[in-house]
Amino acid sequence: MNVTQARVDKATLAAYWAENKRLTTITLLVWAAVSFGATFFVEALNAVVIFGFPLGYYMGAQGSLIVFVLLIFNYARTMNLIDRKYNLHEEE
Amino acid sequence: MAKQRSNAFFDNLGRVYGMYTGALIAFVILLGIAEKMGLPPQTIGYIFIGVTIGVYALIGVISRTSKISEYYVAGRSVPSFFNGMATGSDWMSAASLIGLAGTIYGLGYDGLAYIMGWTGGYVLLAVFLGPYLRKFGQYTIPDFLGARYGGNLPRLIGVAAAITASFAYLIAQVTGVGIITSRFLGINFTVGVFVGLAGILVCSLLGGMKAVTWTQVAQYLILIIAYLTPVTVMSYKQTGVPVPQIMYGQILQKIDAREKQIIADPLEAQVREKWALEGRTLGEKLKDPATPAAEKEELAAARKSAVAASQPIRPYLQPFARMDRLNMLALTFCLMVGTAGLPHILMRYYTVPSVKDARSSVGWSLFFICALFFTAPAYAAFARWEVLSTLIGCKIAELPAWTVHWAQVGLVSIKDVNMDGILQLGELTLGADAITLATPEIAGLPYVISGLVAAGGLAAALSTADGLLLTISNALSHDLYYKVIDPSASIIRRLTISRVLLVFTAGVAAWAATYRLTIIVELVAWAFSIAASAFFPALVMGVWDKRANKAGAVAGMTVGFCLTLCYLIGSRFYGLDWFGIKTVSSGIFGIPVGFLTIYAVSRMTAAPSQELQEFIESVRYPRGAVGESSHDE
């Protein structure tokens, strides 16, 4: 199955990849902030207590997990939009 | 046409698994009624384990296949939602179901490294690998290394790393199966291992990935119901609201307050002094040349636990009381990267229909995994509160029945060191598995729920074992045999070889499990550092760095793999210590060095061919086929 597809031109691909990189970078920054950042500054965060949970503890136990799930779904949704913008989505 | 047929199939999936879940709940209730009418616990254990393995076998038989693409990647027709569930149970092992809560109970805040580490890796997987591997669309992870870097060497290193990372993990799962079946059926451990082996083989042998996928979905539903039921009742019992994930915040505050009282208690100080004294006595006995060498190991272990018990009580919520900041960060990082580099997880993203599905499927995977990981800290907190509020200060002769029950199997140990007849915190040791296993009894639930937890643990162990087994046997049959030794092999021959190797691998794992080596649990933790440093850099650079070439990948994988292995062995057995990093976080050195090596060596050698560059570009976006494509279905 050697499909000779309509070759995507270099400029489109470069722009598409740059947007992907930007989204990936933002996603990873948030990812690092809620996990490593929250661990590093846990004592300061623990001064805030919500519903019995010290915030630093909560970030490790649940907060970061919620953010991870949202990050992935947001990444999936945004990437699908970027695919369409550059007409690089899968044929239905 | 094919599409229409598969759509009808998807519509039914929801109904099938919905009915299955309903039947499961009805089954548990019926058994509960039968228990009230006098059905003995042993029989309940047999019915639970027999019926669930029967269900898995049935799915295996229904999903039998003789198509290569169904055997290796479930025909690439698994909807993203269900692939998420399957990945969830593929990922969550017997240890996560039964041991995770206990780890957090023991480590307090520092144990959360495992919670963040084992979930955060999915973010890396989502942005760096999952969708691109799906676009590439072959059968195994070494396939990608072979196609991307060219030649057999990267593929073979991939095979070696996949087997190293997966095999100890597989042995641990088979051991878990043996422990659960032997404990709940009252049979011999070795017999239990082989019962479990049968359970693993019935679903993977006939239908390969296709059968494993649909079995894993069924196993996910069992394990999550089994996990959530006891703790929900426990939450209702302790707080009046059956939402443990939210209500344990209050419990954390109560724990903190009670711990302050306990820390100030002079009796606790007395207990610690007694332990310190015992530690010194044992230490002298160890040094005494008259002590026979055979006893020394036991004495050393006893001394170690006595010294540990003599340490001051460290509050549950206090950060870095049991692991320093650097080690906690390093461990979290290694677990995350390792998660994103484990081949049995990566392989699951080959099974969805499209790149778009691969992206959302990573989200669903983490969603279903979080259902358990979100709850584990609650389990630990409720158990901690139960211990602090009910057990501590209680007369040892009047302790609740569950402590006596689990003391018999060694998961609870009580020693009245100051002989006052009253339990102090320093006199109680809980095994990691005790938390999840004892919670149904603490919450006052009937035995049938303990049976459900056992079935859940079995489901978790079997589903992970299935995924690992396929990874290992496919690396041998597809990558080593078909791609390297005999590329002209017919489909029938390839499938036959796959199945023979599957049985062989399972047999070796079961044989190894019967030795019950204590090192196995540690080796599982090593798998993360190995996967993180051997696989992850080469896979990520394969997509993200067009300049990365064969020489770079071979050098990077080898250096990352060897460095990590050296630190693992050196720090565990020979006292090697760089920056105070513990053995379990060894990957922290191998990961960056692996990346740097690929980067540097690639730039010192010739750029990849034009053909390969085009291949990389085509992997980067969803449209069309990949550059060099040779689907053989």
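A residue counts as buried if 20 or more other C-beta atoms lie within 10 Å of its own, and as exposed if 12 or fewer do. In this predicted model, A74(B) has 26 other C-beta atoms within 10 Å and is therefore buried. This alanine is found in the loop between α3 (68–73) and α4 (80–91) of chain B, and its phi is near 55°, a positive value in a residue other than glycine. F51(A) belongs to the loop between β1 (49–50) and β2 (53–54) of chain A.

Turning to the helices of chain B, the axes of α8 (residues 152–185) and α9 (residues 189–239) come within 7 Å and cross at roughly 115°. The crossing of α8(B) and α9(B) is right-handed. On the α8(B) side, the contact is made by V174(B), V177(B), G178(B), T181(B) and S182(B), while α9(B) contributes F189(B), G192(B), V193(B), V195(B), G196(B) and L197(B). By class, six of these residues are nonpolar, five are polar and none is charged.

Between the chains, 41 residues of chain B are in contact with 42 residues of chain A. On the chain B side, two or more residues come from each of α6 (112–136), α10 (244–264), α13 (325–341), α15 (355–373) and α25 (610–620). Of these elements, α15(B) gives the most, with ten residues. The side of chain B that touches chain A comprises 24 nonpolar, twelve polar and five charged residues.

Terms used
Residues numbered from 1 in each chain as written. Chains lettered and ligands numbered in written order. Predicted model: local features only at pLDDT ≥ 70, side-chain atom pairs only at ≥ 80, totals over all residues. Contact = placed C-beta atoms within 7 Å. Helix = DSSP H or I, 4+ residues; strand = E, 2+ residues; numbered from the N terminus. Nonpolar A, V, L, I, M, F, W, Y, C, P; charged D, E, K, R; others polar. Axes fitted to C-alpha atoms, helices over the stretch in contact; angles between N-to-C directions. Left-handed = near helix turned anticlockwise from the far one by under 90°.
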